[in-house]
Amino acid sequence: MVTLVRRPESGGPVPDDFALEHRPLPAVQPGQLLLRNIVMSVDPSMRGRLETSEKHYTTNFEIGQPLDGSAIGVVIDAVGSAIAAGTVVRHRLGWREHAVVDAASVSVVDVDAAPAGAWLGILGQTGFTAYVGLTRIAQLRPGDVVFVSAAAGAVGSAAGRFAKLLGAARVVGSAGGSAKVRALVDELGYDDAFDYRAEAAGDALTRVAPDGIDVYFDNVGGAQLVAALEAMRLGGRVALCGMISQFDESGAREDINRLIEAVLRRVTLRGFIVRDHEEARPEFEQTVSAWLRSGEVAVLQTVVDGIEHAVDAFLGMLKGDNVGKALVRLDTSWSV
Ligand SMILES: NC(=O)c1ccc[n+]([C@@H]2O[C@H](COP(=O)([O-])OP(=O)(O)OC[C@H]3O[C@@H](n4cnc5c(N)ncnc54)[C@H](OP(=O)(O)O)[C@@H]3O)[C@@H](O)[C@H]2O)c1
C-alpha cells in the first residue's frame with residue numbers, strides 16, 4: 001500500500017513524500033469483504049487532501065497512514081454478506097492491492113456492461129461530475145456556447161462530449177500543449193481549442209468564441225476564470241467545479257478582481273460538490289450508458305500499471321500527463 005510520509009513543501013508533492021509499504025490485512029469480520037483491487041483512481045482532490053489546513057472534499061490524509069480513494073475490486077472472500085466471491089465492486093480503499101471493506105459501503109458494478117475502468121471514469125464520479133455540472137449547475141440549454149477548461153482531462157473531456165450531446169451549439173476547450181489541443185479538435189469533439197500555456201486566455205477566447213460564451217465549465221480557476229468572465233454573454237452561467245491552477249504557490253492565486261464583469265453580464269457563478277447531487281445519479285447512469293452503447297461517447301483513459309507506479313501516475317496527472325481519466329491498474333490480469 002502507499003502511505004504518506006510527510007506533507008508536501010510549497011513546490012508541491014514529490015515522490016519522497018510517499019512510501020510503498022507492506023502491512024498485514026485485518027481479519028475479515030462478519031459483514032465485511034476481502035477484495036483484490038483491479039484498478040484505482042488518481043484525481044486532483046487527493047492533492048488537497050495532502051495538506052493540513054485546507055479541507056477539500058473529504059478528510060485529509062494522515063502522516064504514516066495509507067492514502068485512500070476510489071477503486072474497483074473483485075471480492076475474494078465474503079463473511080456473512082449477500083455479495084458473493086467473484087463480484088466486482090466500487091469502493092473507497094484504493095492505493096493498495098488488497099483491502100478489507102464493509103459490504104454495506106460498496107456498490108456492485110457490471111463489468112460486462114462496461115470495463116472496470118469506466119466505472120471510475122465516464123460512468124463513475126468523473127462522468128457524474130461533468131453531467132451534474134452541465135445539467136444541474138450550469139443549466140445548459142440547447143444552442144449554448146460552452147467553454148471547458150482542463151478540457152482533455154477526465155471531467156473536462158466528458159463535459160465537452162456531454163455538452164454537445166445535450167444540445168450545445170459550440171463547445172470550445174483549453175488544455176496544456178499543442179498535442180492535447182490538436183486532440184481536442186481531432187478526436188474529442190471540440191469545435192475549437194487553445195493552449196493556455198502558449199496564449200493568454202482572453203485573447204484565445206476572443207478567437208475561438210468570438211460571439212461570447214453562455215456556459216463556462218471551470219476546472220482550473222485563476223487566469224482562465226477571469227478571462228471567461230470577460231467573455232460571458234448576458235445571463236451566462238459558470239459551473240465552478242475545481243481550481244487545479246491554484247493548488248501550488250506557483251499557481252500565483254490570481255484574484256478574481258474583475259467581478260464587475262459578473263455584475264454587468266448578470267452571470268451566475270455556482271460552485272458544487274458532486275456528492276450533494278446523488279438524486280441525479282440514476283438519470284446520469286441511464287443517459288450515459290445509452291450514449292456508451294450507441295458509441296456517442298467513448299471510454300477515454302490513461303492507464304499506468306502497478307502499485308509501484310501509483311505515485312508517479314498521481315504526480316503525472318497533476319502535471320497533465322493524462323488524457324481522459326487517470327487510472328492505475330493494480331491487477332494486470334484484468335483489462336480495464
Ligand atoms: N466539484 C466536484 O465535485 C469535483 C469532482 C471531481 C473533480 N473535480 C475537479 O475537476 C477538475 C478536473 O478533475 P479531473 O479528475 O478531471 O482531473 P484531470 O482533468 O483529468 O487532470 C487534471 C488536469 O489539470 C490540468 N492542469 C494541471 N495544472 C493546471 C494548471 N495550472 N492550469 C490549468 N490546468 C492544469 C492538466 O491538464 P493540462 O495538460 O491541460 O494542463 C491535468 O491533466 C479538478 O479541478 C478537480 O478538483 C471536482
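Which residues in α2 meet which residues in α8? Here is a friendly walk through this and a few other spots, keeping in mind that the model is predicted.

1. **Helices α2 and α8.** To take the opening question directly: from α2 come Q125, G127, F128, Y131 and R136, and they meet R281, E283, F284, T287 and V288 of α8. Helix α2 covers residues 125-137 and helix α8 covers residues 281-294. Their axes lie 10 Å apart, and the two helices pack at an angle of about 105 degrees. Angles of 65 to 115 degrees count as roughly perpendicular, so α2 is roughly perpendicular to α8. Sorted by class, this contact has 4 nonpolar, 3 polar and 3 charged residues.

2. **Helices α2 and α3.** The crossing of α2 and α3 is right-handed.

3. **What α2 and α3 bring to their contact.** On the α2 side you will find T126, G127, T129, A130, Y131 and L134. They meet A154, V155, A158, A159, F162 and A163 in α3. By class, the contact of α2 with α3 has 9 nonpolar and 3 polar residues, with no charged ones. G127 and Y131 are worth a look in the viewer: both are listed in the contact of α2 with α8, and both are listed in the contact of α2 with α3.

4. **Helices α5 and α6.** The crossing of α5 and α6 is right-handed. A201, G202 and L205 of α5 make the contact with A223, Q224, A227, A228 and A231 of α6. This contact of α5 with α6 has 6 nonpolar and 2 polar residues, and no charged residues.

5. **The second largest pocket.** Finally, have a look at the second largest pocket, which holds about 240 Å³ of space. Its lining is made up of 16 residues, and R161, L188, V297, A298 and L300 lie nearest the centre of the pocket. By class, the lining has 8 nonpolar, 4 polar and 4 charged residues.

Definitions and conventions:
Residues are numbered from 1 along each chain as its sequence is written. This is a predicted model: local features need pLDDT of at least 70, side-chain atom pairs count only at pLDDT 80 or more; totals for chains, interfaces and linings use all residues. Side-chain values use heavy atoms; hydrogens and water are left out. A crossing is left-handed if the near helix is turned anticlockwise from the far one by less than a right angle, and right-handed if clockwise. Helices (H or I, at least four residues) and strands (E, at least two) are DSSP runs, numbered from the N terminus. Contact means heavy atoms within 4.5 Å. Ala, Val, Leu, Ile, Met, Phe, Trp, Tyr, Cys and Pro count as nonpolar, Asp, Glu, Lys and Arg as charged, and the others, Gly among them, as polar. On a 1 Å grid over the protein atoms alone, a cavity is a set of points where a 1.4 Å probe fits but cannot get out, and a pocket is an open set with protein on both sides within 12 Å along at least five of seven lines; lining residues have an atom within 4 Å of a point. Grid points are joined across faces, edges and corners, and a volume is the space filled by probe spheres set on the points. Axes are lines fitted to C-alpha atoms, for helices over the stretch in contact, and angles run from 0 to 180 degrees between N-to-C directions. Angles under 35 degrees count as roughly parallel, over 145 as roughly antiparallel, 65 to 115 as roughly perpendicular and the rest as oblique.
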